[in-house]
There are 2 protein chains.
Amino acid sequence: MTTGYGKRVFEIVQFGMGGVGRALFGLIVQHEAEIRQRLGIELRYRALADSSHVLHLDDTTALSRDHLQHLWASLNPKVAAKLETQAGAVRSPGAPSVVATELARLKSTSGGANLIVVDVSGASAEQMIPALTAVLRNGQRVVLANKRPLCGPYEDFKLMTAAAGLGWNRLRYETTVGAALPIISSLRSLLDSFDTIQEISGTFSGTLGYLFTRLEEGALYSEAVSEAKANGYTEPDPRDDLGGIDVARKALILARSLGYPLELEAIEVEPLYNHEMQQMSIPEFMTRVTDLDKTFAQRVSEAAAKGDTLRYVAQIKAEQCRVGIAQVGRSTPLGQLRGTDNLVQFLTGRYHTQPLVVQGAGAGPELTASGVLADILSFAH
Amino acid sequence: MTTGYGKRVFEIVQFGMGGVGRALFGLIVQHEAEIRQRLGIELRYRALADSSHVLHLDDTTALSRDHLQHLWASLNPKVAAKLETQAGAVRSPGAPSVVATELARLKSTSGGANLIVVDVSGASAEQMIPALTAVLRNGQRVVLANKRPLCGPYEDFKLMTAAAGLGWNRLRYETTVGAALPIISSLRSLLDSFDTIQEISGTFSGTLGYLFTRLEEGALYSEAVSEAKANGYTEPDPRDDLGGIDVARKALILARSLGYPLELEAIEVEPLYNHEMQQMSIPEFMTRVTDLDKTFAQRVSEAAAKGDTLRYVAQIKAEQCRVGIAQVGRSTPLGQLRGTDNLVQFLTGRYHTQPLVVQGAGAGPELTASGVLADILSFAH
């Protein structure tokens with residue numbers, strides 16, 4: 001009854017122990033027995049790395065499972081912790097070296113195990129691409145929640161996806177766009193079944209979703225930004241969200257998944273503050289953001305006069321990518337969207353009169369970790 | 001670079017040559033070279049069956065590919081055709097026998113090929129379950145667009161899914177609910193990642209979606225039914241849609257996928273016509289349907305008075321399934337839905353303030369066939 005996979009072992013090397021990393025670690029440690037029982041696969045941690053340290057786990061002794069449980073008990077998922085405080089952790093020699101060690105160990109001890117390297121870090125493309133490409137070239141598997149390795153130079157992206165096999169089969173990255181929402185998998189099914197994708201558009205920032213909902217409700221721009229910051233929806237520096245670059249990265253991932261050979265710099269991005277505000281300190285920016293209130297209020301009321309509303313939208317169409325404010329009808333799916341939810345719509349050859357729409361919470365460590373786990377387990381299906 | 005699948009062959013036995021069956025056959029015959037190139041897998045038809053005949057294809061000679069191309073050329077995808085007019089077709093001895101022949105042939109000639117039995121027919125659970133269960137027990141694969149094999153007695157469902165391996169891994173049935181919309185796959189990801197599903201609700205009938213949109217716009221019930229029939233949205237006998245049983249089957253499939261041991265008869269279904277109208281001829285029904293205009297107009301205006309609108313909704317919650325008219329807020333995703341689109345929302349432990357929503361066209365031969373192809377190809381990923 002278990003033909004085709006029997007008892008399969010997947011060994012995991014995880015980069016990143018931030019909010020997503022800790023949530024993922026907790027999910028796997030808490031559910032490993034159930035995963036074995038339900039799906040017939042065994043997930044076994046091999047190494048955990050954060051930005052400075054790495055902990056190689058030795059499962060040749062009985063230590064490993066105890067070690068993981070101990071580590072899990074010592075980590076508060078809500079509080080950042082450094083691996084350097086853990087017994088056995090050593091200073092990281094960098095991702096390529098960590099991966100090389102694990103690939104070598106896998107080869108020398110192999111009982112048919114498979115490796116999955118999970119990148120839930122915020123490391124740069126330069127730091128991660130060589131390591132991830134090496135993993136894929138060795139016939140092993142990669143799951144990404146980190147967008148950056150997919151947003152480096154297009155040549156690197158091409159090499160990495162080519163190394164992932166036909167259909168990029170050993171690379172999964174669902175959570176790089178809209179957390180656990182089925183966006184990349186939907187795109188893949190559309191392409192697999194020979195649909196023609198005419199346009200992908202949507203909102204891919206909960207922070208900016210909140211902001212534009214508040215603007216629609218009549219809040220001043222500066223009020224909305226302050227609230228979003230106070231609610232913890234923004235990065236410590238709100239300009240990291242308001243600049244639009246994070247949305248542009250998601251648009252780039254969708255565009256490249258469609259086969260468009262785009263660079264990040266080629267995406268037209270409309271930031272939500274003026275160029276001269278880039279150099280200010282955070283407190284200064286938070287004071288001066290009121291300068292923008294009038295402009296935004298005017299745009300909101302111009303849209304309202306036409307029965308429309310504003311959303312911060314990414315649009316991918318015929319090799320063109322644009323990220324910025326869009327005026328949309330209030331009764332459209334985008335116009336109806338409220339709060340921090342994400343929404344993506346696919347207009348295709350088959351979904352041509354009305355788009356295929358996926359909508360829901362598109363951020364947060366728990367949701368992202370759950371999507372990463374689903375990606376990991378998809379290798380077992 | 002192709003570790004893990006190399007050149008894999010999937011042999012296909014297809015039951016059903018109606019609209020979906022012909023569209024699927026066309027998709028595969030037209031794209032087989034591209035599928036081989038993109039995904040490294042070869043799809044090879046072994047047998048095609050309709051309700052009366054079966055055509056076994058012999059690929060030990062060069063005949064097969066020519067034969068398929070010839071067959072495709074002779075079939076008009078828009079016009080129903082009978083296999084009995086095809087050279088080589090024989091009277092079908094029934095699905096179990098057709099499948100037994102192919103399983104035996106597969107064993108005797110095996111070069112590591114895999115079998116996928118595709119049921120895109122409208123055959124009954126009794127006709128199909130023994131055949132499908134045999135396929136799964138032999139370690140092979142099944143893809144269903146036909147809802148009925150999943151809606152027989154729960155005991156049969158349990159045996160069939162148990163035979164599909166851990167995680168029901170060798171059984172796919174995405175298109176039984178909402179055609180190609182990612183509904184079953186989303187459900188699977190939620191369950192795989194240990195989310196807790198509190199409620200699934202949605203509209204799963206394009207026909208009834210159209211009807212309730214027209215009612216909201218002020219049409220009389222009898223007008224809306226006549227229009228739906230004239231537009232080809234209904235079955236030849238509109239009561240097959242208005243009775244709600246097709247929606248109930250979809251609700252049952254979702255409920256059983258959640259692990260609820262329900263029978264179809266346990267689902268509370270609200271039909272959209274009176275019991276005594278069941279025995280009428282179609283023309284008589286179409287005349288007498290005006291009797292219902294007043295009741296429906298009253299319900300619509302009662303809802304409108306509260307700012308609500310009516311939708312025909314399936315609701316699966318805590319082992320309870322209900323299918324019928326629901327009064328929903330106009331600004332909710334269900335209230336905003338227009339026309340024939342389907343919409344499903346998952347309220348879960350993680351999607352708890354707002355649901356995960358999937359929306360789009362949920363019917364039609366091309367969409368359903370595309371979803372079946374995506375299911376077939378998912379075995380290669």
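## Contacts around Tyr221(A)

Contact here means heavy atoms within 4.5 Å. With that cut-off, and leaving aside residues up to four places away in sequence, Tyr221(A) touches Leu211(A), Leu215(A), Leu242(A), Leu272(A), Val289(A), Leu292(A), Asp293(A) and Phe296(A). Keep in mind that this is a predicted model.

Tyr221(A) also shows up when you look at the largest nonpolar core, which has 175 residues. Which of its members touch the most others? They are Tyr221(A), Leu272(A), Tyr221(B) and Leu272(B).

The predictor reports an ipTM of 0.93 and a pTM of 0.94 for the complex. For chain A, the mean pLDDT is 92, with 94% of the residues at 70 or more.

Where pLDDT is low, the predicted coordinates should not be read in detail.

## Two copies, one axis

One open sheet takes in 12 strands, in the order 9(A)-11(A)-10(A)-8(A)-12(A)-13(A)-13(B)-12(B)-8(B)-10(B)-11(B)-9(B), and its pairing is mixed. Strand 9 of chain A and strand 9 (268-269) of chain B sit at the edges with a single partner strand each, so one side of each has no neighbour in the sheet.

Strand 9 (residues 268-269) of chain A runs parallel to strand 11 (residues 320-329) of chain A, over 2 bridges, and Glu268(A) has Arg322(A) as its bridge partner. Strand 11 of chain A is also joined by 10 bridges to strand 10 (residues 308-317) of chain A, this time antiparallel; here Tyr312(A) stands opposite Ile325(A). Strands 10 and 11 of chain A make a hairpin with 2 residues between them, and Ala318(A) in the turn has a positive phi of about 45°.

Over in chain B, strand 8 (residues 197-203) and strand 12 (residues 341-348) are antiparallel and joined by 6 bridges. Ile200(B) of this pair faces Phe346(B) in strand 12 of chain B.

## The other sheet in chain B

Chain B also has an open, mixed sheet of 7 strands in the order 4-3-2-1-5-6-7. Its edge strands are strand 4 (90-91) and strand 7 (171-172) of chain B, each pairing on one side only. Strand 4 of chain B pairs with strand 3 (residues 53-56) of chain B in the antiparallel sense over 2 bridges, with His53(B) opposite Arg91(B).

Helix 14 (residues 365-378) of chain B packs on this sheet and touches strands 1, 2, 5, 6 and 7 of chain B. The direction of helix 14 makes about 125° with that of strand 2 (41-49) of chain B.

Beyond four places in sequence, Thr133(B) touches Leu159(B), Met160(B) and Ala163(B).

Conventions. Residues are numbered from 1 along each chain as its sequence is written. Chains are lettered from A and ligands numbered from 1 in the order in which they are written. This is a predicted model: local features need pLDDT of at least 70, side-chain atom pairs count only at pLDDT 80 or more; totals for chains, interfaces and linings use all residues. Side-chain values use heavy atoms; hydrogens and water are left out. A nonpolar core is a set of buried Ala, Val, Leu, Ile, Met, Phe, Trp, Tyr and Cys residues joined through side-chain atoms within 4.5 Å. Buried means under 20% relative accessible area, exposed over 50%, partly exposed in between (1.4 Å probe, protein chains only). Two strands pair if DSSP finds at least two bridges between them. Helices (H or I, at least four residues) and strands (E, at least two) are DSSP runs, numbered from the N terminus. Axes are lines fitted to C-alpha atoms, for helices over the stretch in contact, and angles run from 0 to 180 degrees between N-to-C directions. pLDDT is the predictor's confidence in each residue, from 0 to 100.
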